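Subject: Handing over the structure

Hello,

Please have a look at it first and then read on.

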Amino acid sequence: MYTEKSIQQAICCLFLIAYIARSHAAVVNIKSKGAKGDGITDDGQAIVSAWNEACRREAPSSVLIPPGTYMVFPPIDLIGPCKGPIKIKATEAIIKAPPELEKFTTTYWIAIRNVSKLTMIGGTYDGQGEQTWLQNLCPDGGPGPCPLPVNLQFTNVTNSLLQHITSTDSKFFHMRLSLCDNTRLDHITILSPVNSVNTDGIQIGRLSGVNITNSVMRTNDDCISIGQGCRNIRIKNIMCGPGDGIGIGSLGRRANEEPVQGIWIKNVTMTGTENGLRIKTWPTSFPGSVSDLHYEDIIMHNVSFPIFFDQQFCPLNNCQNGTASNVSISNVSFRNIRGTSATKVALKFDCSADVPCKNIKVADINLTYEGPEGGPATSECANIKPKVVGHVVPPACPGGPD
């Protein structure tokens, strides 16, 4: 006969088994949700279904996209909050968007939002944007928001890791992050040909505590674009080019933009980019500020305007003449910037007459010009008097006003 003690032990064992089953990490394979992986069938809803199941679990759970090629029609909405940490693992998987723009009804292809503790590992996300680039629907500096889809959009994704992800041939920006505090992007690869249009690599805005490290970006536009409201950002070990360098802005075009503050950029190599380290603000702008920026150990190979403060940014040349920017730039340092400039002007500080640049420090700069005009590299300066430390080539704003 069973004793009372043995019955209690059995009940305890059942509870323990149930607890272990509930707390054990679950892996939801998208093929169990009907994904074909043949590169033709739309596997998008299989991904969404796998996400929804994993997101409901309290234990750490994963969405597995096995090696293969998957056609994924938009929009893909992966929405939290999830009950526990969640992972998307897509190592050796190729996820393709349809090439036809008319299949898109949103400004993104794949969107992840309202998630904490996301880990996203691996995968090549191919936007197949060639047809869209030919239409050039969103010229830089156009009048309103661009309707074209971003490859990967993250909104309110916090305390997360995005790693070993490749984005290719996006129809518009490759990756856009907003409100994504305390998130790390590591070993990200961005690939678009030079004839692509507005294919910024990583665009960030209104977030804090983001690190971007160990990444390669070859595209048509900014490798990394830092927008309003970015604070405490660290960018390190980046290969950029071709493209448009690492840019802050454009800023001041709209009212009530949040300050940009605390940006550290280190160990970056730029090759053949249209700009290097650039800050761009609009003339006749709303008030704003950029402060506490630090650039260090940057190598330039044939880069146009390696260092450029552009406070007359007006790409369509439709701005009111003779008006100054109201965005202030202060407390910026450049240290150990070296290499070659594709333009004779290697240092260009075009600061605002209304709010001149303040506390700008250049130290140990060596940028040479080897182009057809001949002669040494030069600097151009307006409304700035930088502090010069060490050996600086070309001379930074010699004889400029205080």
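In which strand is Ser-250 found? Ser-250 is found in strand E22, residues 246–251. I will come back to this residue below, after a few words on how to read the notes.

The model is predicted: local features need pLDDT of at least 70, side-chain atom pairs count only at pLDDT 80 or more, and totals for chains, interfaces and linings use all residues. Residues are numbered from 1 along each chain as its sequence is written, and side-chain values use heavy atoms, with hydrogens and water left out. Helices (H or I, at least four residues) and strands (E, at least two) are DSSP runs, numbered from the N terminus.

The sheet

Two strands pair if DSSP finds at least two bridges between them.

Four bridges join E17 to strand E14 (residues 175–178), in parallel, and Leu-177 stands opposite Ile-204 of E17. Strand E20 (residues 224–226) is also joined to E17, through three bridges and again in parallel; here Ile-202 stands opposite Ile-224 of E20. In a regular strand the side chains alternate between the two faces of the sheet. In E17, Ile-202 and Ile-204 point one way, Gln-203 and Gly-205 point the other way, and all are buried. Buried means under 20% relative accessible area, exposed means over 50%, and partly exposed lies in between (1.4 Å probe, protein chains only).

Further along, seven bridges pair strand E8 (residues 108–116) with strand E11 (residues 150–158) in the parallel sense. The bridge partner of Ile-112 in E11 is Phe-154.

Helix H2 and the cores

The 12 residues of H2 should span 16 Å at 1.5 Å a residue, and its end C-alpha atoms are 17 Å apart, which agrees; the expected span is 1.5 Å times one less than the number of residues. Among the buried residues of H2 are Ile-47, Val-48 and Trp-51.

A nonpolar core is a set of buried Ala, Val, Leu, Ile, Met, Phe, Trp, Tyr and Cys residues joined through side-chain atoms within 4.5 Å. The largest has 94 residues, of which Trp-51, Phe-154, Phe-334 and Phe-349 touch the most other members. H2 gives the most to this core, with seven residues. Another core lies apart from it, with seven residues that include Leu-101, Val-150, Phe-172 and Phe-173.

A buried asparagine

Asn-151 is found in strand E11 and is buried, with a relative accessible area of 2%. Its side chain makes a polar contact with the side chain of Ser-167 at 2.9 Å and reaches the backbone oxygen of Tyr-125 at 3.2 Å. A polar contact is a pair of N or O atoms within 3.5 Å; within protein, one must be able to donate a hydrogen and the other to accept it, and residues adjacent in sequence count only if both atoms are side-chain atoms.

Backbone details

Most residues other than glycine have a negative phi, and most peptide bonds are trans. As promised, back to Ser-250: the peptide bond from Gly-249 to Ser-250 is cis, with omega near 15°. The bond from Val-393 to Pro-394 is cis too, with omega near -5°, and Pro-394 lies in the segment after strand E31 (387–393).

Leu-179, in the loop between E14 and strand E15 (184–186), has a positive phi near 60°. Leu-179 counts as partly exposed, at 37% relative accessibility. Thr-284 has a positive phi near 50° and is found in the loop between strand E24 (277–281) and strand E25 (288–303). At 46% relative accessibility, Thr-284 counts as partly exposed.
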